[in-house]
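The following exercises are to be worked through with the sequence and the structure in view. Each task is followed by a solution in steps.

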Amino acid sequence: MLKELAILAQLIQSYALTGKLQKGKQLHAHLLTSTGISSTFIANHLLNMYAKCGDLTHALSMFDHMPKRNLITWTAMITGFSHNARFLDSVLTFSNMCAAGIQPTQFAFSSAVQATTSLRSLAFGRQLHSLSLKLGYHAELFVGSNLADMYSKCGSLDVACRIFEEIPEKDEVSWTAMIDGYAKNGDFHEALMAFRNFLDNENLVADQHVFCSALSACAGLKAGKLGQSIHASVVKSGSSAESAVSNSLTDMYSKAGDMESAVTVVNTFPNGWNVVSCSSLIDGYVEMDHIEEAINTYAESKRQGLYPNEFTFSSLIKACANDAALDQGTQLHAQVIKTSFILDSFVCAVLVDMYGKCGLLFSSSQIFEEIENPTDITWNSKINVLAQHGCGKEAIEAFDQMVARHNKPNHVTFVSLLMACSHSGLVEQGLQLFGSMNTAFGVEPRDEHYSCVIDMLGRAGRLEEAEIFIGKMPSEPNAYAWCSLLGACRTHGRKELGELAAEKLMRLEPENSGSHVLLSTIYAGVGQWEDVKAVRRLMKDSGRKKLPGLSWIEVEKKTHVFGAEDWSHPRKDEIYKKMEELLMRIRGEGYVPYTAAVVSKVEESEKERLLRHHSERIAVAFALISLPAGKPIIVKKNLRVCVDCHSAMKLIAKVERRVIIVRDSARFHHFQDGNCSCRDYW
DNA sequence: ATAGGGTTAG
């Protein structure tokens with residue numbers, strides 16, 4: 001009899017391992033009709049079979065009706081729930097098991113800790129941790145690795161590290177938990193150090209999981225060279241056929257900007273492209289502003305029969321946001337509604353951003369209002385949009401709501417908030433928020449937060465405080481910080497401090513012409529034309545060119561680009577005529593060219609001519625002759641709109657009765673009825 | 001009889 005049971009158990013187990021649910025069910029039915037088999041032993045096997053095959057309904061019904069449950073019964077149920085994404089049930093079953101007086105073993109701990117990891121529940125995780133300490137399982141290989149994984153995924157890397165250290169015999173899984181934990185928390189250097197330490201263990205061999213984690217750290221650092229050397233190890237180890245590894249490789253090369261290698265990796269996939277690596281490629285192209293290639297890659301992926309997912313849509317919508325391509329963005333919006341990807345937080349965030357970047361603040365808020373459960377990701381997007389539109393008060397209100405609804409702000413949230421305060425002149429509120437970051441929200445201020453405060457103080461003319469603040473930065477002040485200070489010096493005519501900032505900036509970013517341009521405008525502002533010339537000469541001699549001003553506009557789903565004095569467009573004659581007409585009409589409204597905006601010593605008439613044909617003016621003239629009547633005009637510009645164009649735009653909007661939205665490198669301008677949404681130009 | 005880690009986004 002005992003032997004028969006063993007054979008029966010073996011049969012059930014083979015069904016469980018090979019996923020043969022139907023066979024298992026038949027056997028179960030047969031056992032129910034035949035007499036006498038009601039042992040817990042066989043019932044456990046059947047329950048486990050159902051759980052492994054994903055049929056939780058039957059597993060649970062067996063569990064509920066079992067006359068006697070033992071350690072194995074409970075553990076199989078905990079594992080069954082955990083493997084079928086019913087994480088809360090898994091944890092609750094663990095708790096019920098303890099309440100029923102059955103002491104869990106490392107098996108039950110392992111599954112329950114995994115469930116809390118998926119729930120991202122530090123509270124549950126900590127309870128399991130302390131219980132495992134009491135029972136002495138915390139440093140056991142499986143439990144220890146799972147605990148380390150749980151803490152690192154919940155953001156507590158220091159605790160994860162401590163637990164990891166206590167595991168006497170760490171294996172590949174324990175190391176992966178740590179390497180990936182650092183990478184996912186943005187500490188890529190630490191991740192790669194851990195990877196290096198891992199490689200020093202002679203008895204351990206890097207497998208696909210380890211490689212994936214190490215490669216994602218390289219991706220985060222855009223470290224193409226290091227990634228390439230890991231690529232070589234991947235090939236040597238024979239893991240390169242594994243799809244997750246190839247996807248990590250594709251993403252690493254894409255993020256490092258090495259699209260050629262990324263494409264090569266993708267084209268060597270044995271089973272053709274897949275949606276993950278394809279989305280990485282598209283995002284790589286979008287990041288480097290190669291929209292054509294991004295769209296071509298998307299088209300190719302569809303030809304290959306792939307369906308876009310939430311990642312693909314996210315990148316494509318981001319491209320529309322970058323280009324202020326509202327029509328294409330709206331079309332993608334419709335597609336994500338149809339495909340239900342609208343339920344994804346990232347997709348919502350990027351839609352909120354897209355409408356915001358197209359200047360449609362109302363549509364942006366509407367999208368946000370329609371989100372059922374806003375997450376920290378979507379809140380950040382909303383706050384950032386408000387910040388970019390100069391709505392400081394509203395941004396702080398949104399932040400208060402976010403906190404009230406128990407969403408945890410992170411470092412991204414505070415960058416947006418501080419920028420909002422800076423643009424709206426809310427200096428006291430900004431300083432207060434900066435002060436509360438660490439104390440009230442546990443977010444350590446980073447360089448970018450210091451830079452925002454410097455920018456904020458600078459704009460408000462509090463340059464002494466800004467200078468003191470720059471000295472307080474935890475690490476060496478970066479280019480952004482000096483750039484903020486330099487910009488403020490230009491606005492407030494502070495020559496000496498400006499010279500200091502420019503000098504620092506030129507040393508930090510010699511290839512950036514912005515510092516030279518800013519410094520020359522400071523000199524021009526105080527009439528030191530010799531110095532203006534000297535800086536210009538320095539720029540020319542070192543081969544640094546001023547970034548040309550460009551403007552983009554979408555017409556009939558195609559983006560057109562214009563430069564200043566750019567008459568290469570096929571409809572140039574009509575555009576020129578329209579510009580002359582506009583100039584006459586706005587003169588009638590009192591427009592006077594603001595020639596002081598031209599930073600060079602030339603004749604007044606020449607200055608006027610230089611101003612008249614700035615790229616944004618050409619783009620608007622083109623829009624007026626090609627867009628349907630009444631359609632808002634949305635222009636993106638890579639530099640700042642000049643003061644002269646700013647006042648001209650107000651009047652063009654008035655005489656043409658059009659809404660004109662210009663997004664320049666610093667902010668939005670919403671021109672309507674002779675006014676602009678921004679309170680002060682700078 | 002019951003247990004683990006990995007790939008793309010704001």
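**Exercise 1.** Determine how far apart the C-alpha centres of domain 1 and domain 2 lie.

*Solution.* The C-alpha centres of the two domains are separated by 28 Å. Domain 1 covers 451–547 and domain 2 covers 550–676 in chain A, with bounds taken from an automatic or database domain assignment.

Two remarks on conventions apply throughout. This is a predicted model, in which local features need pLDDT of at least 70, side-chain atom pairs count only at pLDDT 80 or more, and totals for chains, interfaces and linings use all residues. Residues are numbered from 1 along each chain as its sequence is written, chains are lettered from A and ligands numbered from 1 in the order in which they are written, and side-chain values use heavy atoms, with hydrogens and water left out.

**Exercise 2.** State which elements of chain A have the lowest and the highest mean pLDDT.

*Solution.* The pLDDT is the predictor's confidence in each residue, from 0 to 100. Chain A averages 90, and 96% of its residues score at least 70. Helix α31 (residues 514–525) has the lowest mean, 70, and helix α13 (residues 208–221) the highest, 98. Helices (H or I, at least four residues) and strands (E, at least two) are DSSP runs, numbered from the N terminus.

**Exercise 3.** Which strands stand at the edges of the open sheet?

*Solution.* The sheet has 6 strands in the order β2-β1-β3-β4-β5-β6, with mixed pairing. Strands β2 (558–563) and β6 (675–676) stand at the edges; each has a single partner strand, so one side of each lacks a neighbour in the sheet. Two strands pair if DSSP finds at least two bridges between them. Strands β1 (residues 550–555) and β3 (residues 633–637) pair in the antiparallel sense over 3 bridges, and Trp552 stands opposite Lys636 in β3.
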